[in-house]
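Colleague: I would like to learn how to read pockets and salt bridges in a model. Can you take me through them?

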Amino acid sequence: MKQGKKPAKKLRTFFLLISLALLFVSCLPNTANPVNNTQEQEQEEQKDEQEKEQEEEKQEEEEEQEEKEQEEEQEQEQEEEEKEQEKEEKEEKEEKEDEQMQEQDFVLTLDAAAGSGSAYSVIRSKGFDYESPDQSSGGHTTFGPHIEQQYDTTLEKNVFAFITHHDVDRNATGDWTRQRVEIKIDHTNGKSGRDYCALDGADEGRSFIYRWKFKLSADFAVSTEFTHIHQIKNEGGDASQPVAALTARTVGGNGRMQLTYYAPGSGSPTYWVNAANSLAPYLGQWVQCEESVTYSSNAAQASYSIKITRIADGQVLMNYTAPANTIQTWRDGNTHGRPKFGLYRRIFTGNSPGNSVEPADANKVSGLKDETILYADFEVVRLK
């Protein structure tokens, strides 16, 4: 009996060792297929990388969306600011116009009435008068009126065309050294014109506002001599020079739009706006002008300002106000003062005004040619 139990005990011990061996083997790392392990690890790494990339893309999208929202918010704020600014400017303009309406004593306007033909009858019917080459004895009468009416496609209305012929036109006085095609307020024309001139005695210190539009041709030619396209011109006494003039001229080889002032008794101008103001922005473009003048021999009362704006884009081409206490707009012996609109230029050098005989061609100013300047929407406001 004792000898029969020993094999059974050995068998149990054997099975116990087998079990322990299996348990030990099961606890060992699985190195049976290293290729599968590497692939799984790579897949996990790729998955992690993809998740990381997705997270980064999501973060970038969120940042882009946030930037877009900020930009849209800024644009909206800017639009609101611009609208508010436009509203304020409109209100200021309306307030200014209301104030001017309350201050206005008389308003005189001149507009072209037809799309073709002479403008002379229209001009005179509105209290204006004209000076042109076909008025002078022996002048360019064969051409006919030098101020015509024509339709303008930009303004979409009828306008005035002021025409000058370089080789045959002369001043209305018969002077060959200068050419003039201008209109002015007729101070002899009763209520139609006289009320819109500054008159000696009655209008000391009175203010006027002048508005008009003009357009120079794209190839408008100038020289070193003067080519006035607008003047504040008094008459009687000290009146040989304009009070102020808008002058196109060549300076240093470049076309300029000058604004000049002539002090009482002076034959030489003071250049308010000179070489810095290029003529180029004016060429081929309609511009709007607004000019204010207080007529007085007292520098403490006299004033002058002008603003010129290009209509196409609203660009301000000139904006000038004479400093206080520096000018006199009324001179000794003046009987009346008013604006003149149109072309007045010197075409010969070395000759004084009043030359009734055509000078030699050697004295002719070079570079000038026939010109047509368009004008429209004249308005003269006399303030109370």
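Modeller: We take a pocket, then the salt bridges. Keep in mind that this is a predicted model.

Colleague: How much space lies in the second largest pocket?

Modeller: Rolling a probe the size of a water molecule over the atoms shows where empty space is left. Here, the second largest pocket holds about 460 Å³.

Colleague: Which residues lie nearest its centre?

Modeller: Arg178, Phe226, Ser240, Gln241 and Tyr344 do, out of 23 lining residues.

Colleague: How many salt bridges does the structure hold?

Modeller: Side chains of opposite charge can pair when their charged atoms come close. This structure holds 17 salt bridges. In one of them, Lys364 meets Asp167 at 3.7 Å, N to O. The pair links distant parts of the chain, 197 residues apart. Lys364 sits in the loop between β15 and β16 (371-383), and Asp167 in the loop between β4 (157-164) and β5.

Colleague: Is Asp167 buried or exposed?

Modeller: Asp167 counts as exposed because its relative accessibility is 51%, and the cut-off is over 50%. Lys364, at 23%, is partly exposed.

Colleague: What does Glu371 pair with?

Modeller: Lys369, with the closest N and O atoms 3.2 Å apart. Glu371 is buried, at 3% relative accessible area. Lys369 is partly exposed, at 27%. Elsewhere, shared partners join Glu131, Arg180, Glu182, Lys184 and Lys340 into one salt-bridge network.

Conventions: Residues are numbered from 1 along each chain as its sequence is written. This is a predicted model: local features need pLDDT of at least 70, side-chain atom pairs count only at pLDDT 80 or more; totals for chains, interfaces and linings use all residues. Side-chain values use heavy atoms; hydrogens and water are left out. On a 1 Å grid over the protein atoms alone, a cavity is a set of points where a 1.4 Å probe fits but cannot get out, and a pocket is an open set with protein on both sides within 12 Å along at least five of seven lines; lining residues have an atom within 4 Å of a point. Grid points are joined across faces, edges and corners, and a volume is the space filled by probe spheres set on the points. A salt bridge is a side-chain nitrogen of Lys or Arg within 4 Å of a carboxyl oxygen of Asp or Glu. Helices (H or I, at least four residues) and strands (E, at least two) are DSSP runs, numbered from the N terminus. Buried means under 20% relative accessible area, exposed over 50%, partly exposed in between (1.4 Å probe, protein chains only).
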